[in-house]
Amino acid sequence: MTGPLYMSGALSFTNSLWIALGIGFLFGFVLERAGFGDSRNLTNIFYFRDMRVLRVMFSAIVTCMVGMLILTWLGLFDYTMLLDYSLLKTYLWPQLVGGVLFGLGFVVGGYCPGTAAVGVVSGKLDAVIFLAGMTSGIWIFAAGFPLWGSFYKSSDLGRITLAQVFGAPVELLVAAVALMALASFWLAGLAEKWAPYDK
Amino acid sequence: MKEYDYAKGFWNPYVAGIALGLVLLLTFYLMGTGLGASGAIARTAAVAAHAVAPEATATNGYFGEFYKTGARNPMIDWMVFEVLGVFIGGLVAVLTARRFRPGVGRGPTAGVGLRLAMAFGGGIIGGIGTRLAMGCTSGQALSGGATLAAGSWAFMMAVFATAFAAAYFVRREWS
């Protein structure tokens, strides 16, 4: 059957919730097996000690990206449906500012939301505290919404992909990202040898 | 590269990455959307706020979205169930690997108090960041990244550039 199944009406809402549980199970399992339940494994990348975060994330992105392209070629996936209805919209400035805050929160707090969930079930108290902090941060965001509500929806560029930004075919962008990933894997090995903080 | 005790026993990062990519691909095939995490925390925060101050929460410019007339209970949501699955899947992975160790992850010379204070402060900043960017590492970087969404790549670059730059200033926490 041609995906995405839920968007083409092949799955009921109730079934989608069961799928959510199953997908979440796999997601959490793999995150734990990647070592992401411990804040040290997550922050070592920023000190060039252990670049596993880069290796895991970039190979996941490339696997999914290439997989989607292959499924599309095989006629098993409707890529245009994704582009028209579910691609994440770009709000350039809020996303850049949000990214700066999130990056700061990542290296200071030691987790991101999904990995903190795995940290909690690994017995890590810092993960519990991190999630409590996140919840508080979201309360602050909601309380101050009148102040930044208009910024939140600003620079709306709609559903736009890198292929459209660069005016290049999707296949070319996929190849470029895959090459970038390979180059970064090679650089990651050099960075670990360099390890400037541990000398 | 030095191998740390706490980093032993996990999957090869490329194997873990490919497995994660296949889970993500399956999600897109089934649902048309990717993975997520911070959205579930936002809904939990809304429900907690609603329990304390129903009026103010329902009329709040941000939380109000979850309480529009005719809207489902905010917790009956795809991402909330997915994150519930993350807890269960993570727990099964921890238990089957005999890796459940109560403790605080921190650098060898950092105190527990410092680390927990930083975890809370970092959580606050990161939490605000996820709402402004409408997602986190799962929803924006991973899922948006794999679909080549322009804003997701901008987010990802901002996240890692900031974290690498800020790492120097919090090196005591992690060294």
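What percentage of the 199 residues of chain A count as buried? In this predicted model, the share of chain A that counts as buried is 57%.

**Fold of chain A**

Chain A contains 10 helices and two strands. Read from the N terminus, its elements follow the order α-α-α-α-β-α-α-α-α-β-α-α. The C-alpha trace of chain A extends over about 50 × 45 × 35 Å along its principal axes. Where residues at least 6 apart in the sequence of chain A are in contact, 66% of these contacts join residues at least 24 apart.

**Interface between chain A and chain B**

The contact between the two chains involves 125 residues from chain A and 118 residues from chain B. Together the chains bury about 10800 Å², and 76% of this area lies on carbon and sulfur atoms. On the side of chain A, the residues that lose the most area to chain B are A:Phe27, A:Arg33 and A:Ile138, which together account for 7% of what that side buries.

Polar interactions also join the chains: 38 residue pairs are in polar contact between chain A and chain B, with both residues at pLDDT 80 or more. By residue class, the side of chain A that touches chain B comprises 83 nonpolar, 30 polar and 12 charged residues. Two salt bridges are found across the interface. In a salt bridge between B:Arg115 and A:Asp126, the side chains meet at 2.9 Å, N to O.

**Aromatic pairs**

Over all chains, the structure holds 26 aromatic pairs. One of them is formed by A:Phe102 and B:Phe155, with 5.6 Å from centre to centre and 45° between the planes, a tilted arrangement. This pair crosses between chains: A:Phe102 belongs to helix 5 (residues 92–109) of chain A, and B:Phe155 to helix 7 (residues 150–167) of chain B. A:Phe102 counts as buried because its relative accessibility is 1%, and B:Phe155 is likewise buried, with a relative accessible area of 1%.

Within chain A, the rings of A:Phe141 and A:Phe145 have centres 5.7 Å apart; their planes stand at 70°, so this pair is edge-to-face. A:Phe141 is buried, at a relative accessible area of 0%, and A:Phe145 counts as buried at 13% relative accessibility.

The two pairs are set out below.

| Ring pair | Centre distance | Plane angle | Arrangement |
|---|---|---|---|
| A:Phe102 and B:Phe155 | 5.6 Å | 45° | tilted |
| A:Phe141 and A:Phe145 | 5.7 Å | 70° | edge-to-face |

A:Phe102 and B:Phe155 also belong to a cluster linked by ring pairs. From chain A, this cluster includes A:Phe46, A:Phe48, A:Phe102, A:Phe106 and A:Trp194. From chain B, the cluster includes B:Phe155, B:Phe160 and B:Phe164.

**A loop residue in chain B**

B:Ala71 lies in the loop between helix 3 (54–59) and helix 4 (78–96) of chain B. With a relative accessible area of 41%, B:Ala71 is partly exposed, since the partly exposed class covers values between the buried limit of under 20% and the exposed limit of over 50%. Along the chain, B:Ala71 and B:Tyr4 are 67 residues apart, and their C-alpha atoms are separated by 49 Å.

Technical notes: Residues are numbered from 1 along each chain as its sequence is written. Chains are lettered from A and ligands numbered from 1 in the order in which they are written. Side-chain values use heavy atoms; hydrogens and water are left out. Contact means heavy atoms within 4.5 Å. Buried area is the accessible area (1.4 Å probe) that two parts lose on being put together, summed over both. A salt bridge is a side-chain nitrogen of Lys or Arg within 4 Å of a carboxyl oxygen of Asp or Glu. A polar contact is a pair of N or O atoms within 3.5 Å; within protein, one must be able to donate a hydrogen and the other to accept it, and residues adjacent in sequence count only if both atoms are side-chain atoms. Ala, Val, Leu, Ile, Met, Phe, Trp, Tyr, Cys and Pro count as nonpolar, Asp, Glu, Lys and Arg as charged, and the others, Gly among them, as polar. Rings of Phe, Tyr and Trp (its six-membered ring) pair if their centres lie within 6.5 Å; planes under 30 degrees apart count as stacked, over 60 as edge-to-face and the rest as tilted. Helices (H or I, at least four residues) and strands (E, at least two) are DSSP runs, numbered from the N terminus. Buried means under 20% relative accessible area, exposed over 50%, partly exposed in between (1.4 Å probe, protein chains only).
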